[in-house]
Amino acid sequence: MAVNSVTAGAAEFVGTPLPGRLSRVLRFARRKPVAAFGGLVVILLVVLALIAPMVAPYAYDEPRVLDRLQGPSGAHWFGTDHQGRDVLSRIIYGSQVTVILCFGAVGLSTLVSTAIGTISGYFGGITDTVIQRFVDIWQAFPGLIFIIFMVSVFGSDRWSLIVVLGLLFGVGSSRVVRSATLAVRRLAYVEAAQALGASHPRILMAHILPNVVPVVIVTASVQVGAVILAESSLSYLGFGTPPPFPTWGRMLQESRQFMQRNPTLAVFPGAAIALVVYSVNMFGDGLRDALDPRLRGTR
Amino acid sequence: MQKYILRRAALLLPTLIGITLVVFLAVRFLPGDVIDQMTGERGSANPEMRRQLEERYSLTGSVGRQYVEWLSDIAAGDLGTSITTNRPVTTDLRQRLPITFQLGTMALLISILVAIPVGILSAVTQDSVWDFLARSLSIGFLAVPSFWMGLLVLTYGFVWFGWVPPLNYRDLWEDPAQNFQIMIAPALILGAGLSGTVMRMTRSMMLEVLRHDFTRTARAKGLSPRVVIIRHALRNAILPVMTIVGLQVSVVVGGTVVLEQLFSIPGLGSLLLTAINTRDYPVVQGIVLLSAVVVVLSNFAVDIAYTLVDPRVRYA
């Protein structure tokens, strides 16, 4: 089973002493250069979000009416928008929204999927059936429509978005955690713990959880890309976090009617989204391959 | 097999009921009162009007009774009345659904027609330049948001070629040529986004099947590579691909919202956006409900198709 080999791969990694780990990271970079590149972009993005005010050449809401709709130049590398704001600076500040929403939503979704998945898989029986029917209902709603609907009801401030996205992706991916739990729960040491009279919470926390962690990590890495795409589509449609703070999706929406006069307005924010999603996906793919030796070279 | 289909159909009911509950309850969570919001938009707080509105949108009585009434209305084919246009919601849905259906079907067909042959090619020529190219493209398509691709097509289509999609929407039966001109670009964009997933699935399933003994036997018998690939390998690889295509229906339905907005196509997606901006909750409820039902029914259809294609599949 794939799940077991992921677990084995990760356990081997975690068990390696620190210098060994470093060399394994280097080997990962050599074997999977694209995945390593993806990881690098992700790290750079987080750093960029942290130091945005220091690196952005202009403020994100600094209009210069005389410089409206300029193409890329030495003063404005990515040009300016319809209010004369510097596009590069807005993209740099926009990375903060992307990073915060990703950490928030993926963090919440990981908690949700782990809780639902392990409980449903461990207890089985009627608990499992009931929970899985709820998951069915949840998954019936097309993602984007459900998010738009929920955001229109609960509002679109940062926290609502994190909760809506986190719940949506968390419930959706709980199935993966559940199947990993199913694979672990019949193993001898779980039965041994049960025979010793350990309580259910204790077995879940001490025996099941550590063994599904690699699956959880891989699932989370897949979700980062999905969260970014969902958030940017939402922003583009006008349901994202409120202005004036820039988000990449809303930058595209706001300058929509000016793109024929300055076509580069259509290019840079979207390229930022695509680059980050691509990098995250590549990194996630590499991570999965590295954690699961069985898949090496198949995908 | 009939038993399987019946049992699978029985599972539909609780799911459908759950969907109606979610849609019903979510709207009840609206901050403030629905009527307040409606009257607020019109600038009136007249208690008499309020009472009439409550009656009209069946907002009297307990929440439980409201739900049951709403449900029985739905069962009778009545989704309520739009707050902004005063038309029955079903009238609007009936008018808009075929447009979205056409866009979604075109996108799905494009994705299948592109992804399956490319996936096969990629698997057969594993690790060649073609394989690398196909994989890179499919991964690229997965990372590019469809609204961005649409914006680029619209912007650079105009800047480089002076191309603008026709402004007035024409129905497929009324003016097929113009309809095609409007629909083809969004269908291609949506289809490209979908094809990434389908292509990757086709490729990895083909790789797996091509390693099996029966494929080697077929080759050893002297069958032409074409026959081996199409008749022996593809037939066995296609099932998981079908499942993925079935799951894509949900992505398609969501994706049409963005592309309809971009290309001004008067389908369900653009109706949803207008309805949300005007707080027309009967219409919003209707569309969300309809889209979820479409997804559930298409997944059901895929499961049934599965049993028809593969005799091994039985209810576990």
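**Two chains, checked against the cut-offs**

Me: Why is S122(B) called buried?

Reply: S122(B) has a relative accessible area of 1%. Buried means under 20%, exposed means over 50%, and partly exposed is what lies in between (1.4 Å probe, protein chains only), so S122(B) at 1% counts as buried. Keep in mind that this is a predicted model, where local features need pLDDT of at least 70, side-chain atom pairs need 80 or more, and totals for chains, interfaces and linings use all residues. Residues are numbered from 1 along each chain as its sequence is written, chains are lettered from A and ligands numbered from 1 in the order written, and side-chain values use heavy atoms, without hydrogens or water.

Me: Which residues does S122(B) touch, leaving out those up to four places away in sequence?

Reply: They are D131(B), A134(B), R135(B), M199(B) and R203(B). Touching here means contact, with heavy atoms within 4.5 Å. S122(B) itself sits in helix α5 (residues 89-124) of chain B; helices are DSSP runs (H or I, at least four residues; strands are E, at least two), numbered from the N terminus.

Me: Two of those names turn up as a pair. What makes R203(B) and D131(B) a salt bridge?

Reply: Their side chains meet at 2.8 Å, N to O. A salt bridge asks for a side-chain nitrogen of Lys or Arg within 4 Å of a carboxyl oxygen of Asp or Glu, so this Arg and Asp pair qualifies. R203(B) is in helix α8 and D131(B) in helix α6 of chain B, 72 residues apart. Both are buried. Over in chain A, salt bridges with shared partners join D81(A), R85(A), R90(A), R250(A) and E254(A) into one network.

Me: How do you know whether R8(B) and D303(B) are buried or partly exposed?

Reply: R8(B) has 13% relative accessibility, so R8(B) counts as buried. D303(B) comes out at 23%, which means partly exposed. The two side chains form a salt bridge at 2.5 Å, N to O. That pair links helix α1 to helix α12 of chain B, 295 residues apart.

Me: What makes Y67(B) and W70(B) a tilted pair?

Reply: A search of the whole structure gives 10 aromatic pairs over all chains. In this one the centres are 6.4 Å apart and the planes are at 40°. Rings of Phe, Tyr and Trp (its six-membered ring) pair if their centres lie within 6.5 Å; planes under 30 degrees apart are stacked, over 60 edge-to-face, and the rest tilted. So 6.4 Å makes Y67(B) and W70(B) a pair, and 40° makes the pair tilted. Because they are three residues apart in helix α4 (residues 63-75) of chain B, about one helical turn separates them.

Me: How many salt bridges and polar contacts run between chain B and chain A?

Reply: Zero salt bridges, and two residue pairs in polar contact, both at pLDDT 80 or more. A polar contact is a pair of N or O atoms within 3.5 Å; within protein, one must be able to donate a hydrogen and the other to accept it, and residues adjacent in sequence count only if both atoms are side-chain atoms.

Me: And how much area do the chains bury between them?

Reply: About 3900 Å², 75% of it on carbon and sulfur atoms. That is the accessible area (1.4 Å probe) the two parts lose on being put together, summed over both.
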